[in-house]
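Me: I am new to this structure. Please walk me through how to read its features.

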Amino acid sequence: MKIALWIVQILLALVFVSSGSMKLFAFDQFAASAPALAGQRGLVTFIGVCELAGAVGLILPALTKVMPVLTTWAAVGLATIMLLATGFHLSRGEMSHAAITITLLALAAFIVYGRGFRKSIASNTNPIPSLL
């Protein structure tokens, strides 16, 4: 389960780095592919920042073992974004987009379950090693 969690965390982080970067740094290309959000630059920027922060949160706390509970909370945040995105796509009749967001929601929920309830990462009680 531990290996599966790491694989899903890394894959999900890569997806959200890609998605968040597109929303932040290539808004014109994003707007061309999502015309319903073309006039919502502020919202799209906010979502992009949240996705990038979530991607970092999926990996960094777990890897460094400094406040690893943040990995679970990052997955909760990304699951929330995907739940809202699913509702948006379903309301517009975009079933193929909704299928993608439901899949990402399920993967984030797996991380929440795995890291929050099954295989939590032990916190490093001494984040700065002693040199003596």
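**Reading the model**

Reply: Buried means under 20%, exposed over 50%, and partly exposed in between (1.4 Å probe, protein chains only). This is a predicted model, where local features need pLDDT of at least 70, side-chain atom pairs count only at pLDDT 80 or more, and totals for chains, interfaces and linings use all residues. Residues are numbered from 1 along each chain as its sequence is written, and side-chain values use heavy atoms, with hydrogens and water left out.

Me: Where is lysine 65 placed?

Reply: Lysine 65 sits in the loop between H3 and H4. Helices (H or I, at least four residues) are DSSP runs, numbered from the N terminus.

Me: What is the phi of lysine 65?

Reply: Most residues other than glycine have a negative phi. Lysine 65 has a positive phi, near 60 degrees. Methionine 67 also has a positive value, near 50 degrees. Methionine 67 is in the loop between H3 and H4.

Me: At what angle do H1 and H3 pack?

Reply: Axes are lines fitted to C-alpha atoms over the stretch in contact, and angles run from 0 to 180 degrees between N-to-C directions. H1 (residues 2–25) and H3 (residues 41–64) pack at about 155 degrees, with axes 8 Å apart. That makes H1 roughly antiparallel to H3 (angles over 145 degrees). The residues of this contact divide into 17 nonpolar, 6 polar and 2 charged. Ala, Val, Leu, Ile, Met, Phe, Trp, Tyr, Cys and Pro count as nonpolar, Asp, Glu, Lys and Arg as charged, and the others, Gly among them, as polar.

Me: At what angle do H4 and H5 pack?

Reply: H4 and H5 pack at about 160 degrees, with axes 8 Å apart. H4 is therefore roughly antiparallel to H5.

Me: Which residues have the most contacts inside the largest nonpolar core?

Reply: A nonpolar core is a set of buried Ala, Val, Leu, Ile, Met, Phe, Trp, Tyr and Cys residues joined through side-chain atoms within 4.5 Å. The largest has 17 residues, and those with the most contacts inside it are Leu12, Phe16, Leu58, Met82 and Ile111. H1, H3, H4 (69–91) and H5 each give two or more residues to this core. Its largest share, 7 residues, comes from H4.

Me: How many aromatic pairs does a search of the whole structure find?

Reply: Rings of Phe, Tyr and Trp (its six-membered ring) pair if their centres lie within 6.5 Å; planes under 30 degrees apart count as stacked, over 60 as edge-to-face and the rest as tilted. The search finds 1 pair. Tyrosine 113 and phenylalanine 117 have ring centres 6.5 Å apart and planes at 35 degrees, so the pair is tilted.

Notes:
Angles under 35 degrees count as roughly parallel, over 145 as roughly antiparallel, 65 to 115 as roughly perpendicular and the rest as oblique.
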